[in-house]
Amino acid sequence: MNLLAIESSCDECSAAVLEDGDLKSVVISSQLIHSEYGGVVPELASRAHMELIVPVVEESLKKASISKDAIESVAVTYGPGLAGSLIVGISFAKAFASSMGIPVVGVNHMEGHLYSAFLEEEKPEFPFVALVVSGGHSMLIHVRAPFTHELLGQTRDDAAGEAFDKVAKLLGLGYPGGPVIDKLAKEGDPKAFKFPRAFMDGDSFEFSFSGIKTSVLYLLRELNYDPEKPDEKLVRDICASFQAAVIDVLVAKTTNAARKFGVRSIVVAGGVAANRGLRTALQASAETAGARVFFPRPLYCTDNAAMIGIAAHFKYLKTGLVTDLTLKPTPNLALSF
Ligand code: KG4
Ligand code: ZN
């Protein structure tokens, strides 16, 4: 079945074409305008989606060498995300599906991240443990079978990616913070500063990252840090020490979960899964639990429509071809279990 997938929940406008779960094309247009403001501006994001959605979909069809008449179903993110951004993708998907007389299915954005590793040639095996770490979420999930999953724990405050973005902002490094901290951390000393690691005792799968961010803030105040005149060595050391604290927590909890449930596969997804340090540390730690780690390539880790398409494919395997023309944006959509 030829499926058109659409993702517009935040600042990425993306479309993808899949045939029976095989990715034929994906187009991602990132809205660069937000970097000037140090974060996503919802009003600008929805306006940009309106301009981008038609050319992005056309480009995805062209890249897949498929005509729109050959599309048999449409999948679209309906939450969680920004209401104004979600509505653009959903309106387009519903209009496209009803004009073509084909089904439209809503996909939870987090389920997209959860199944993104299946876009790769080498696929994880069920059951697996998934760590989904993005700008909005940090979750550990036990996936027993396709679309049968259980939330083990999530963040009580900031998401992991949010902590990267906030620390980068404190250091004057711009937005998004993850990629730049990742790069600078490689050249810094991870032991230069000791930042807190929360909920590390027992087998809690809850996360908390706001304490690390606050510690960085206090340190910078103490040092009278001026982002206009940064001390490069200090910045590299703070990045390395901050990143080490976040990674220690993510790696320990994910490995504990893999051990507890005896799974052989671990999936890491969401924007923070692109982090080089996390990849290396988790690979080494997972081996001690007899598990293999599956990281989607960075392009599939950050927001994209290919992951929405593969999640829809798994959903269809469970529910059959369903359609929902009453689909509406659901900004606080929770993961269903
Ligand atoms: O999944 P995503 O594209 O969007 C959300 O759904 O939030 O994730 C974006 C987040 C941002 O917070 C960004 O700073 C973070 O992922 N990120 C990274 C890296 N690349 C992106 N964090 C750490 N290291 C990276 N290399
Ligand atoms: Zn995301």
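In which loop is Pro80 found?

Tutor: In this predicted model, Pro80 is found in the loop that runs between strand 4 (73–79) and helix 2 (83–100). The peptide bond leading from Gly79 into Pro80 is cis, with omega near -15°. Most peptide bonds are trans, and most residues other than glycine have a negative phi. A cis bond also joins Phe126 and Pro127, where omega is about -10°. Pro127 belongs to the loop between helix 3 and strand 6.

Two further loops hold residues with a positive phi. Ser65, which is not a glycine, has a phi of about 50° and is placed in the loop between helix 1 (42–63) and strand 4. With a relative accessible area of 67%, above the 50% cut-off, Ser65 is therefore exposed. Asn224, likewise a residue other than glycine, has phi near 50°; its place is the loop between helix 6 (210–222) and helix 7 (232–261). Asn224 is exposed because its relative accessible area is 67%.

Another loop, between strand 6 (128–133) and strand 7 (138–145), contains Ser134. This serine has 9% relative accessibility and therefore counts as buried, the cut-off being under 20%. A polar atom of the Ser134 side chain lies 3.2 Å from the backbone nitrogen of Gly136. Leaving aside residues up to four places away in sequence, the contacts of Ser134 include His113, Ala159, Gly161 and Val272.

A polar backbone atom of Gly135 is 2.7 Å from an oxygen atom of ligand 1, and a polar side-chain atom of Asp303 is 3.1 Å from a ligand oxygen. Taken alone, ligand 1 exposes 550 Å², of which the protein buries 88%. The ligand sits in the largest pocket.

There are 21 residues around ligand 1, and those that come nearest are Gly135, Asp165, Gly178, Asp182 and Asn275. Helix 3 (109–115), helix 4 (160–171) and helix 5 (177–185) each supply at least two residues of this shell. Helix 5 gives the most, with four residues.

Conventions. Residues are numbered from 1 along each chain as its sequence is written. Chains are lettered from A and ligands numbered from 1 in the order in which they are written. This is a predicted model: local features need pLDDT of at least 70, side-chain atom pairs count only at pLDDT 80 or more; totals for chains, interfaces and linings use all residues. Side-chain values use heavy atoms; hydrogens and water are left out. Buried means under 20% relative accessible area, exposed over 50%, partly exposed in between (1.4 Å probe, protein chains only). A polar contact is a pair of N or O atoms within 3.5 Å; within protein, one must be able to donate a hydrogen and the other to accept it, and residues adjacent in sequence count only if both atoms are side-chain atoms. Contact means heavy atoms within 4.5 Å. A residue is near a molecule or strand if one of its heavy atoms lies within 4 Å of it. Accessible areas come from the Shrake-Rupley method with a 1.4 Å probe; for residues, only the protein chains shown count as cover. On a 1 Å grid over the protein atoms alone, a cavity is a set of points where a 1.4 Å probe fits but cannot get out, and a pocket is an open set with protein on both sides within 12 Å along at least five of seven lines; lining residues have an atom within 4 Å of a point. A molecule sits in a cavity or pocket if more than half of its atoms lie within 2 Å of its grid points.
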